[in-house]
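Dear colleague,

Please find the structure below.

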Amino acid sequence: MRGARRTVAFGVAFLVTVASWTGVQLVSPTEAGAVTPPVGITADDLPTWQTNGVVWAMAQHEGVVFAGGTFSAIRPPGAAAGSDERDALNFAAFNAATGAPTDCELSFTVGSGTATVRALAVSPDGSTLYAGGRFGAVNGTSVSNVAAVDLADCSVKSGFKVSVSATVRALGVTDDTVYLGGDFSTVGGQSRARFAAVSTSGAVTSWNPRADDVARALEVTPDGKNIVLGGDFDTIGGKSSHALAVVNSSSGATTKTYGSTFIHRSSVVKGLAVDASGVYTANEGTGGGVFDGRIALDLSDFNQRWRDTCLGATQDVTVYDSVLYSASHAHDCGSMGQFPQMNDRQHLLAESVGNPKPLLSWFPDTDDGPSGTEQIGPRTMITSSRSGTDYMWVGGEFTRIVTHGNMRQQGLVRFASGPDTGAPSVPDQVTAANVTGGKVKVSWRAGLDEDDSRLTYRIYRNGSSTPVHTMTADSVFWKRPTVSFTDADAQPGTKYTYRVTASDAGGANTSSQSAGASVTTPGTPAQTTVERAATADAYVNGSAATSTYGTHQQLAVRGSSAYETYARFSLPAAPSGMKLTGAKLAVRTSSETYAGSADDARVRAVTGDWSESDVTYATRPALGGTTLGTLSGASGPDSEQSVTLDTAEIAGSLNGTLDLALTSTGTDSLWLWASESGAAKGPRLTLTFEAA
């Protein structure tokens, strides 16, 4: 996973048309690869269309995600605000797998003030999408803060006519009933305080829990017998129950109430989720000493299973494969033994449905959102499945993805159950020091992966492609420990350079090698190794015979149409009493998916003149006829490759300059990092000397 991360402060493209709305089958949850279990969603954000405002609510059906909120347009991934926009008044529908809009277009409007969609829910049979909020019409059809949409053709069901006196903020649907929660006092002309129910044809039912303050969330239990209610209220049906209650789905009578101290008096319930065993709350507090975290209740008796006490208001929760994912702006989970008070906020978290500690390794992050909003960040979450992959969609008021280089992305972002494509950050602060017994201790700061806390480290010595040691260590963004390894095989009087890589689970993704740390062991050497980075490199292109590529960050090799790569090295003299016994050329494929090649690349001596700034295919230098070594099997992106070279040919260039070329006779191009991308990535030559 992308490793760029905040510093913790300790202290006080195109339109995709869905031909059939019901033709895509849901798939069962599948475990993501290269993540730390039980997390099943990667932290790699995927290209997703954006909104120009806040997304408050989402729902899904068979691979289509519906988003409602307060916005007027959508635009492609990466597009700047105001560019390439398409009208979308407070609603849009998206292909879950591509992130692109479908052909379902609905406009939610109001006669005066600002229209908004605050709740969405799909009927159990998948035929109807219900929407709640503050609006007076949908696609010109008159409605009153709640509407029903026929998903077969994305049309408003004009027969569903329910007059609701104020904003609808929550919806729940069964086979025959639509449950509403919000700010209203009347529904269909009948007194209904913040919660109500209507039939699927729009007739008001007798269900009337009567809350004394705003309703913000509701969920139907899996058996359909109860409705879990959340909001700002202090009483339900005249009984004391602050912010949370459970009522019978038929009568509205209270099944479970909660005392005034169960949830802090200055805290409310903003969101709810249920699974086969529990109910989960998202809580927001105002002021000091409040409760901002999450609570798990057992379905059997609605008693508390656990609660976490992170600070930073939670807006929504959802369950996927026994993991509770949450949207918040958490800034202090110290009371949980997790991250301490931070200057920045962590907006997305995951924890086991069985135990909130420790926080699971899933830390993608957004920003808070623009000025003029509450700057809460994410507001709503949902999972949807399509074409064999599960997707986690997140909506809110954010405008950037912090864990993707602060990439521009407003209102919506999504993640998938796989594949995981992000490599851990490069281990840094690498040191090497002599210790007792002629050994060398190599230390480094652990890398970071946003969805894998246990990383595998490989330590490479003197340019070898085979690690001298492999080990694992845990790290999270607020705790990146110093990891160390002691090399007991170091020889006396020898200079060693060590580099470290970090890999995620199963070695699916590996970082670049770290900067080298060098040390010379005491004593008289029997062997010594010297590493040299290229002092110049370039490639030439037979299809652009007069173009120069010496300043490019990549190098290329191919037989037809021809690419040739050149690299120059400054070589040392052989140490006194020693002779050259080994030489290896190390290169690294670039991060492009097509970087690897099925064809062999030959290493040859350059016998003609060339310069990095001027060489072209037309002026390319002459090459020696002898193959010094062959690079085979350079498959996959961003992978280290090494070639053993003929030492007899190399020896003649000691204490001078050696120019090497990489050529091929095949048609499959090989792309490598150039020295312009960093000395640790560019071509490197390792020479081994032994006592004569």
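**Salt bridges and overall features**

In this predicted model, the side chains of Asp-232 and Arg-216 form a salt bridge at 2.7 Å, N to O (a side-chain nitrogen of Lys or Arg within 4 Å of a carboxyl oxygen of Asp or Glu). The two residues are 16 apart: Asp-232 sits in the loop between strand 20 (226-231) and strand 21 (235-236), and Arg-216 in strand 19 (residues 215-220). Strands (E, at least two residues) and helices (H or I, at least four) are DSSP runs, numbered from the N terminus. Asp-232 is buried, with a relative accessible area of 17%, whereas Arg-216 is partly exposed at 24% (buried means under 20%, exposed over 50%, partly exposed in between, with a 1.4 Å probe and protein chains only).

A further salt bridge joins Lys-270 and Glu-284 (3.5 Å, N to O). Because Lys-270 lies in strand 25 (residues 267-274) and Glu-284 in strand 26 (residues 278-285), this pair ties together parts 14 residues apart in sequence. Both Lys-270 and Glu-284 are buried. The count comes to 19 salt bridges.

The average pLDDT (the predictor's confidence in each residue, from 0 to 100) is 93, and 95% of the residues score at least 70.

Residues are numbered from 1 along each chain as its sequence is written. Local features need pLDDT of at least 70 and side-chain atom pairs count only at pLDDT 80 or more, while totals for chains, interfaces and linings use all residues; side-chain values use heavy atoms, leaving out hydrogens and water.

With kind regards
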